[in-house]
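Me: I have a structure open and I'm new to it. Could you walk me through how to read a few of its features?

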Amino acid sequence: MKIIKWGIIGCGNVTEVKSGPALQKAPNSALVAVMRRDAKLAEDYAKRHNVPKWYSNAEDLINDPEVDAVYIATPPSSHKEYTILCAKAGKPVYVEKPMALTFEECNEMISVCKEHNVPLFVAYYRRGLPRFLKIKEIIDQGKLGSIRHVNCVLYHSFEARYDDEINLPWTVLPHISGGGIFVDLACHTLDFLDFVLGPIKSVRGHATSQLMAYPAEDAVSMSFLFENGIHGSGMWNFASFERYDNTEIVGDKGKISFSTFGNDPIHIQYTNGEKESITIENPLHIQQPFIETVIAELLGKEGASPSKGVSGARTTWVIDEVLKEFRNSK
């Protein structure tokens, strides 16, 4: 059977354990080239991970005839540019989340990939993780009855690394990331809810910078409505108390609660008083189950990978809606 030979653009921290080794260990997959603008860092990564080729120019990697598909693991500000280059070269794209800086950019990426008949996948890998597939299975089986509403809460204290105005991480620089920690983390929760409950059609919210430590928002509250009538609310704050991470999906026969990050048990409670707790740990290379769905689709196997450009764009639209006022105030 054919092996999909991958190239990575942007071999930074996310590729060290979460994804890079997954491209090597997944069946019918090989990592043959990596790129980073700093040639020494690209070479270092390649040698540590036994990757045969390294580049300091993205176009050189994209145009390498041995590279079948490209994983774009750069910050969101360059996702559109590199996706378009890959599409024009006829190379399937697997792009990190969030998909792009804005919904408009997402649509450009979708359009160009469609024009060149190139598949576009987005790294919302919870759609492939056993832990989250179990949550979906419980809901799909009707164990909670008809779903009525969902509530998301994520907060933690201010981190010292955001206290250096000169050397701020790119994740809190909106021109690179699209926003702050909310954009980086909440997109995972919002995308999973899209996967489990369907698209969100309406969003209202507020975003502010309570500490004013960096240009991006640090507090977000929102309410949203799914196309199927399910209501939702959420609160994210990154300048408050110790870490708390919980999403609760409530039906008319029970409710399920879980954390988006980590391996905390999934808790279920039913109207008859019965309670259930399920622990499913995430794999070391957390993107591997999802990457295997991408490879399967590229090889023409039955079934399709569950995170594409169209679904990834929907999550960016939700983020755009809730941050619109905050962005316009800048």
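This is a predicted model: local features need pLDDT of at least 70, side-chain atom pairs count only at pLDDT 80 or more; totals for chains, interfaces and linings use all residues.

Me: Where is serine 257 found?

Reply: Look in strand β12, which runs over residues 254-258.

Me: Let me zoom out. How many helices and strands are there in the protein?

Reply: You'll find ten helices and 14 strands. The radius of gyration is 20 Å, close to the 20 Å the globule rule gives for 330 residues, so the protein is as compact as a globular protein of that length. Its C-alpha trace spans about 60 × 50 × 35 Å along the principal axes.

Me: What share of the 330 residues counts as buried?

Reply: That's 53%. Contacts tell you something else about the fold: take those with a separation of 6 or more, and 68% of them are between residues 24 or more positions apart.

Me: Now the aromatic rings. How do I describe a pair of them?

Reply: You give two things: the distance between the ring centres and the angle between the ring planes. In this structure, a search of the whole model finds twelve aromatic pairs. Take phenylalanine 132 and phenylalanine 192: their ring centres are 5.0 Å apart and their planes are at 75 degrees, so this pair is edge-to-face.

Me: Which helices do phenylalanine 132 and phenylalanine 192 lie in?

Reply: Phenylalanine 132 is in helix α6 (residues 130-140) and phenylalanine 192 is in helix α8 (residues 181-197), so the pair ties together parts that are 60 residues apart in sequence.

Me: Are those two buried or exposed?

Reply: Phenylalanine 132 is buried, with a relative accessible area of 0%. Phenylalanine 192 is buried too, at 3%. Phenylalanine 192 also pairs with phenylalanine 195: the centres are 6.4 Å apart and the planes are at 55 degrees, so that pair is tilted.

Me: Where does helix α10 bend?

Reply: Helix α10 covers residues 309-328 and bends by about 45 degrees at valine 322. Val322 is buried, and other buried residues of α10 include Leu323 and Phe326. Among the elements covering the buried residues of this helix are α5, α8 and the strands β6, β8 and β9.

Me: Which residues does the UniProt domain annotation cover?

Reply: An unreviewed UniProt entry annotates residues 132-256 as "domain: GFO/IDH/MocA-like oxidoreductase". In the model, that span is 24% helix and 35% strand, and its end C-alpha atoms lie 12 Å apart.

Me: Last topic: the backbone. Which residues does a cis peptide bond join?

Reply: Lysine 97 and proline 98, with omega at about -15 degrees. Proline 98 lies in the loop between β5 and α5.

Me: What about phi of asparagine 50?

Reply: Phi there is near 55 degrees, a positive value in a residue other than glycine. Asparagine 50 lies in the loop between α2 and β3, and it counts as exposed at 65% relative accessibility. Asparagine 117 also has a positive phi, about 55 degrees. You'll find asparagine 117 in the loop between α5 and β6, exposed with a relative accessible area of 69%.

Terms used: Residues are numbered from 1 along each chain as its sequence is written. Side-chain values use heavy atoms; hydrogens and water are left out. Rings of Phe, Tyr and Trp (its six-membered ring) pair if their centres lie within 6.5 Å; planes under 30 degrees apart count as stacked, over 60 as edge-to-face and the rest as tilted. Helices (H or I, at least four residues) and strands (E, at least two) are DSSP runs, numbered from the N terminus. Buried means under 20% relative accessible area, exposed over 50%, partly exposed in between (1.4 Å probe, protein chains only). UniProt positions are given in the numbering used here, feature names are shortened, and annotations may be inferred rather than shown by experiment. The bend at a residue is the angle between axes fitted to the seven residues ending there and the seven starting there. Contact means heavy atoms within 4.5 Å. The radius of gyration is taken over C-alpha atoms; the globule rule is 2.2 Å times the number of residues to the power 0.38.
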